[in-house]
Amino acid sequence: VYTWGLDSSAKLGGFTITHGLADVGGGMYNDHSLLMVTNCIFSYNQAYAGPGGGMYNKSASPVVTNCIFYSNSSLPPTSWNYGEGGGMYNDNSSPTVTNCTFAVNDSGMSNINGSSPTITNCIFYYNFHWGEDIINYDTSLPSISYCDLEKGCYPEGRNINEDPQFIDPFSGDLHLRITSPCVD
């Protein structure tokens, strides 16, 4: 899915975007767009020449709510690119990401060139990048609150680092067990 110049009246909801393959933004590429993306699943998408396996935002600030980013991948980092962002990659972008799950991607989210996403009530777990779940470059500074992050420490936003207790994350069942610290 490719968007360019959409304002906040544009909406994408209830779709599964899967097995997308592109040089960047394997599942979705938002270029200078402000659209709303709700209740979508981004799974098994690949960016084969750069970042943003699930979603790539370039000078875009979409509102992303109740979405799942599962098993997406991007080009590994090299000396000439940042390569991460298997789930989501933000380049000079400030998306609002709420109630989303990033699991089993090659990395969770990467931010570059002053990106400042607002991330609330999200789960970042079982992503395979060796570093943090949310990777920040340059002057990027996300606001992270009420999230469960496996890797990385953001204590100022009442975030936790506890197993979310998915039913079967490696088979794609990301429902939470009743004993999950993420319930309610």
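**Reading strands, a pocket and cysteines in a predicted model**

Me: Cys-122 has a relative accessible area of 1%, which makes it buried. What kind of model is this?

Reply: The model is predicted. Buried here means under 20% relative accessible area, so Cys-122 qualifies.

Me: Which cysteine sulfur is the closest to that of Cys-122, and how far away is it?

Reply: The closest is in Cys-147, at 4.8 Å. A disulfide needs two cysteine sulfur atoms within 2.5 Å. The pair is therefore too far apart for a bond.

Me: What about Cys-100: buried or exposed?

Reply: Cys-100 has 1% relative accessibility, so it counts as buried. The closest cysteine sulfur to that of Cys-100 is in Cys-67, 4.8 Å away. That is too far for a bond as well.

Me: How many disulfides does the count give?

Reply: The count comes to 0 disulfides.

Me: Now the sheets. How do I read the strand order S1-S5-S9-S13-S16-S19?

Reply: Start with the general idea. Strands of a sheet pair through backbone hydrogen bonds, and the pairing is either parallel or antiparallel. Here 6 strands line up in that order as an open sheet, and their pairing is parallel. From one strand to the next, the twist averages 10°.

Me: Which strands stand at the edges of that sheet?

Reply: Strand S1 (2–4) and strand S19 (134–136) do. Each has a single partner strand, so one side of each has no neighbour in the sheet.

Me: How many bridges join S13 to S16?

Reply: There are 4, between strand S13 (residues 88–91) and S16, and the two run parallel. On this side, Tyr-89 has Ser-110 of S16 as its bridge partner.

Me: Which way do the side chains of S16 point?

Reply: In a regular strand, side chains alternate between the two faces of the sheet. S16 shows Met-109 and Asn-111 pointing one way, with Ser-110 and Ile-112 pointing the other way. All of these residues are buried.

Me: Where does the order S3-S7-S11-S15-S18-S21 belong?

Reply: That order describes an open sheet of 6 strands with parallel pairing. Its edge strands are strand S3 (16–18) and strand S21 (148–149), and each pairs on one side only. S3 is joined to strand S7 (residues 41–43) by 3 bridges, and these strands run parallel. Within that pair, Thr-18 stands opposite Ser-43 in S7.

Me: Which strands supply at least two residues of the lining of the largest pocket?

Reply: S7, strand S11 (68–70) and strand S23 (173–176) each do. S23 gives the most, with 4 residues.

Me: How many residues of that lining are nonpolar, polar and charged?

Reply: The lining divides into 15 nonpolar, 7 polar and 4 charged residues.

Me: Last topic, the backbone. Which residues other than glycine have a positive phi?

Reply: Keep the general rule in mind: most residues other than glycine have a negative phi. Ser-71 is one with a positive value, near 60°. Ser-71 sits in the loop between S11 and strand S12 (73–74). At 22% relative accessibility, Ser-71 is partly exposed. Asn-99 is another, with phi near 55°. The loop that holds Asn-99 runs between strand S14 (96–98) and strand S15 (101–103). Asn-99 has 31% relative accessibility and counts as partly exposed.

Me: And where is Gly-152?

Reply: Gly-152 lies in the loop between S21 and strand S22 (166–168). Its relative accessibility is 26%, so Gly-152 counts as partly exposed.

Me: How far is Gly-152 from Gly-27?

Reply: Count along the chain, then across space. The two are 125 residues apart in sequence. From C-alpha to C-alpha, Gly-152 and Gly-27 are 25 Å apart.

Note on methods: Residues are numbered from 1 along each chain as its sequence is written. This is a predicted model: local features need pLDDT of at least 70, side-chain atom pairs count only at pLDDT 80 or more; totals for chains, interfaces and linings use all residues. Side-chain values use heavy atoms; hydrogens and water are left out. Two strands pair if DSSP finds at least two bridges between them. Axes are lines fitted to C-alpha atoms, for helices over the stretch in contact, and angles run from 0 to 180 degrees between N-to-C directions. Ala, Val, Leu, Ile, Met, Phe, Trp, Tyr, Cys and Pro count as nonpolar, Asp, Glu, Lys and Arg as charged, and the others, Gly among them, as polar. Buried means under 20% relative accessible area, exposed over 50%, partly exposed in between (1.4 Å probe, protein chains only).
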